[in-house]
Number of protein chains: 2
Amino acid sequence: MTAERDHRLIDGKAVQARILAELREEVMQAAKTRPVGRLVSISIGPSPEIEVYVRGQARGAAAAGIPFDQQIWPAEITLEDCKRRIVELNDSPDVLGIILQRPVPSHIHVRSLQSAIHPLKDVEGMNPASIGNIVYNDVALAPCTAAAAVELVKETGLDLKGLEVVMIGHSEIVGKPAAFLLMAEGATVTVCHHMTRSVAMHSRRADVVVVAVGKPHLIGPDMIKPGAAVIDIGINQITDADGSVRIVGDVDTEKVLNVAGWITPVPGGVGPVTVAMLIRNAMTAHKRQIAAGWLGG
Amino acid sequence: MTAERDHRLIDGKAVQARILAELREEVMQAAKTRPVGRLVSISIGPSPEIEVYVRGQARGAAAAGIPFDQQIWPAEITLEDCKRRIVELNDSPDVLGIILQRPVPSHIHVRSLQSAIHPLKDVEGMNPASIGNIVYNDVALAPCTAAAAVELVKETGLDLKGLEVVMIGHSEIVGKPAAFLLMAEGATVTVCHHMTRSVAMHSRRADVVVVAVGKPHLIGPDMIKPGAAVIDIGINQITDADGSVRIVGDVDTEKVLNVAGWITPVPGGVGPVTVAMLIRNAMTAHKRQIAAGWLGG
């Protein structure tokens with residue numbers, strides 16, 4: 001496929017590989033004083049749709065030299081039991097960070113559980129306190145997908161200061177944190193969503209369009225300013241006429257390629273970089289845990 | 001002054017009086033089961049510039065029937081002593097909420113101190129966890145000034161859903177939380193700041209312009225769309241040619257009045273409503289403390 005080699009397509013796997021190689025170096029340096037602990041991935045109940053993500057995270061951790069412990073807790077576990085187990089993981093010095101895979105069974109209140117993860121072990125950046133720290137420009141443990149979007153904007157070489165960015169989608173775990181991270185970098189950010197009168201009016205004037213809506217091919221070439229960067233966070237499964245299933249983003253990549261200056265493909269764009277951000281958060285958590293005196297001398 | 005009676009000027013004192021009267025009713029109702037505790041205002045060291053704000057808060061609390069306890073801690077107090085005292089206030093069931101007046105002496109780390117205030121007593125909405133909850137659309141204890149800006153937009157009668165709002169200024173305690181609160185109401189929000197290439201390009205297309213920069217008369221009539229609402233959060237002290245001192249906002253009110261559909265004066269606009277939001281937060285805190293089982297049966 002020639003499009004794969006188009007220089008306008010940002011190669012998320014290459015970005016991931018570069019970041020993980022840097023982190024591997026850090027992990028080895030850190031091990032001289034205090035080896036990094038293990039990442040604990042928690043899935044609750046069987047959930048095949050999660051597995052591909054968990055595998056990606058496990059591979060990312062392995063590439064950086066960080067132990068990865070995949071736990072699958074019983075589907076019928078109570079919220080109280082989950083919290084008790086999480087507190088144990090919080091207190092365990094050999095646990096570097098906790099990853100709570102979503103979705104969880106309906107009887108588990110996911111935000112309540114996320115809040116139980118100590119901010120210093122919240123490598124996904126999901127605790128409300130972690131999100132609050134973003135507002136205060138303390139962006140150390142940012143939500144991984146939002147951080148990946150910012151990383152990919154930087155990959156274009158564009159100077160984020162004063163850049164006109166339109167964020168389409170205002171979800172709690174992607175759109176809003178991404179907007180704040182971009183503001184922290186100096187961008188002028190507009191957040192559009194389902195109540196916005198004209199998304200195109202905004203997206204057409206933007207230097208960078210970041211999309212996280214979950215609608216296949218929502219963004220066509222008429223919505224993008226020539227030369228703009230397009231960061232596609234959407235992951236949608238669609239079934240073609242011949243019955244075959246494939247993953248596409250929120251952007252009509254083939255067509256937008258003719259207009260955009262840069263575009264992230266789906267798959268192979270934001271996804272791999274999200275894993276790299278998770279591992280980067282893990283190393284940041286390690287350093288913060290040491291600074292907080294958690295890991296002894 | 002005829003401008004004071006202009007129907008385009010939103011009367012913040014009237015809005016304050018209405019909200020405080022509603023809250024007084026709530027306070028009396030609440031007292032039948034469990035009287036509300038006292039608000040504790042903490043000033044550290046002598047700071048005459050704070051006194052006008054503290055007086056305004058004390059009057060607001062009195063109007064709602066909530067006890068107000070103004071404490072002035074010694075200027076040389078250590079951060080550790082401050083935290084110890086705050087923990088005592090957190091634990092005291094007759095303390096409804098804690099207000100930390102700023103500025104504080106330079107040896108006191110203000111964010112560290114704000115973080116020590118328990119989220120259920122954080123009536124100013126300043127704790128990072130409180131800010132994080134805003135991102136999650138849990139806007140119960142929002143920063144008061146930001147909440148006042150939203151309240152004043154509502155006062156125009158405009159439907160916030162889909163409204164094009166431009167927030168000028170991206171401070172942690174006003175601009176960013178206000179942006180989030182406005183998003184939560186369905187507005188399409190653009191946040192401009194000192195790195196924005198053309199603030200006027202944004203402000204001229206906005207249905208609502210909210211300004212929190214701290215520059216006298218920054219916003220002139222050429223920056224406002226005819227009929228737009230202008231919410232002026234700025235409080236600036238200027239000295240006139242004759243040596244007299246007066247308070248002005250970030251908007252050139254007299255001139256913008258000829259263009260805008262609504263405008264909040266300074267003083268008498270956002271300020272009084274900010275006090276009302278503080279007292280509203282206090283009542284919300286009371287209910288949450290009961291719900292959390294803090295106040296016994």
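**View 1. What lines the second largest pocket.** Sorted by class, the lining has 21 nonpolar, 13 polar and 7 charged residues (Ala, Val, Leu, Ile, Met, Phe, Trp, Tyr, Cys and Pro count as nonpolar, Asp, Glu, Lys and Arg as charged, and the others, Gly among them, as polar). This is a predicted model: local features need pLDDT of at least 70, side-chain atom pairs count only at pLDDT 80 or more, and totals for chains, interfaces and linings use all residues, while side-chain values use heavy atoms, with hydrogens and water left out. Residues are numbered from 1 along each chain as its sequence is written, and chains are lettered from A and ligands numbered from 1 in the order in which they are written. The second largest pocket has 41 lining residues, and nearest its centre you'll find B:Tyr53, B:Thr145, B:Ile235, B:Gly271 and B:Thr274. Its volume comes to about 1,400 Å³. (On a 1 Å grid over the protein atoms alone, a cavity is a set of points where a 1.4 Å probe fits but cannot get out, and a pocket is an open set with protein on both sides within 12 Å along at least five of seven lines; lining residues have an atom within 4 Å of a point. Points are joined across faces, edges and corners, and a volume is the space filled by probe spheres set on them.)

View 2. In chain B, helix H1 (12–31), helix H2 (48–64), helix H6 (144–155) and helix H10 (270–291) each put at least two residues into the lining of the second largest pocket. (Helices, H or I with at least four residues, and strands, E with at least two, are DSSP runs numbered from the N terminus.) H2(B) gives the most to this lining, with 8 residues. Domain 1 (34–120) and domain 2 (144–273) of chain B both contribute to the lining, so the pocket lies between them. (Domain bounds come from an automatic or database assignment.)

**View 3. The domains of chain A.** Over in chain A, the division is into domain 1 (34–120) and domain 2 (144–271). The C-alpha centres of these two domains of chain A are 28 Å apart. An unreviewed UniProt entry lists residues 143–289 of chain A as "domain: Tetrahydrofolate dehydrogenase/cyclohydrolase NAD(P)-binding" (positions follow the numbering used here, feature names are shortened, and annotations may be inferred rather than shown by experiment). Across residues 143–289 of chain A, the chain is 35% helix and 19% strand, with its end C-alpha atoms 18 Å apart.

View 4. At the chain B end, strand S7 (229–232) and S10(B) pair in the parallel sense over 2 bridges, and B:Val230 sits opposite B:Ile263 of S10(B).

**View 5. A sheet of 3 strands in chain B.** The strands of this open sheet follow the order S2-S1-S3 and pair in parallel. Strand S2 (68–73) and strand S3 (95–100) of chain B are the edges, each with a single partner strand, so one side of each is left without a neighbour in the sheet. On average, neighbouring strands are turned by 20° against each other, direction ignored (axes are lines fitted to C-alpha atoms, for helices over the stretch in contact, and angles run from 0 to 180 degrees between N-to-C directions). Strand S1 (38–44) of chain B pairs with S3(B) over 5 bridges, and B:Ser41 has B:Ile99 as its bridge partner in S3(B).

**View 6. A hairpin in chain B.** Strand S8 (236–239) and strand S9 (245–248) of chain B run antiparallel and are joined by 4 bridges. B:Asn236 has B:Val248 of S9(B) as its bridge partner. There are 5 residues between S8(B) and S9(B), and B:Gly243 in the turn has a positive phi of about 90°.

View 7. Most residues other than glycine have a negative phi, and most peptide bonds are trans. A:His217 is not a glycine, yet has a positive phi of about 60°; look for A:His217 in the loop between strand S6 (208–211) and strand S7 (229–232) of chain A. The peptide bond from A:Val266 to A:Pro267 is cis, with omega near 0°, and A:Pro267 lies in the loop between strand S10 (262–263) and helix H10 (270–291) of chain A. Another cis bond joins B:Arg102 and B:Pro103, with B:Pro103 in the loop between S3 and helix H4 (110–116) of chain B.

**View 8. The cavity.** The structure holds 1 cavity of 30 Å³ or more. The largest cavity has a volume of about 40 Å³, and its lining includes A:Arg34, A:Asp94, A:His286 and A:Leu295. Strand S3 (95–100) and H10 of chain A are the elements that give two or more residues to this lining, which has 6 nonpolar, 3 polar and 2 charged residues.

Terms used. Pairing = 2+ DSSP bridges.
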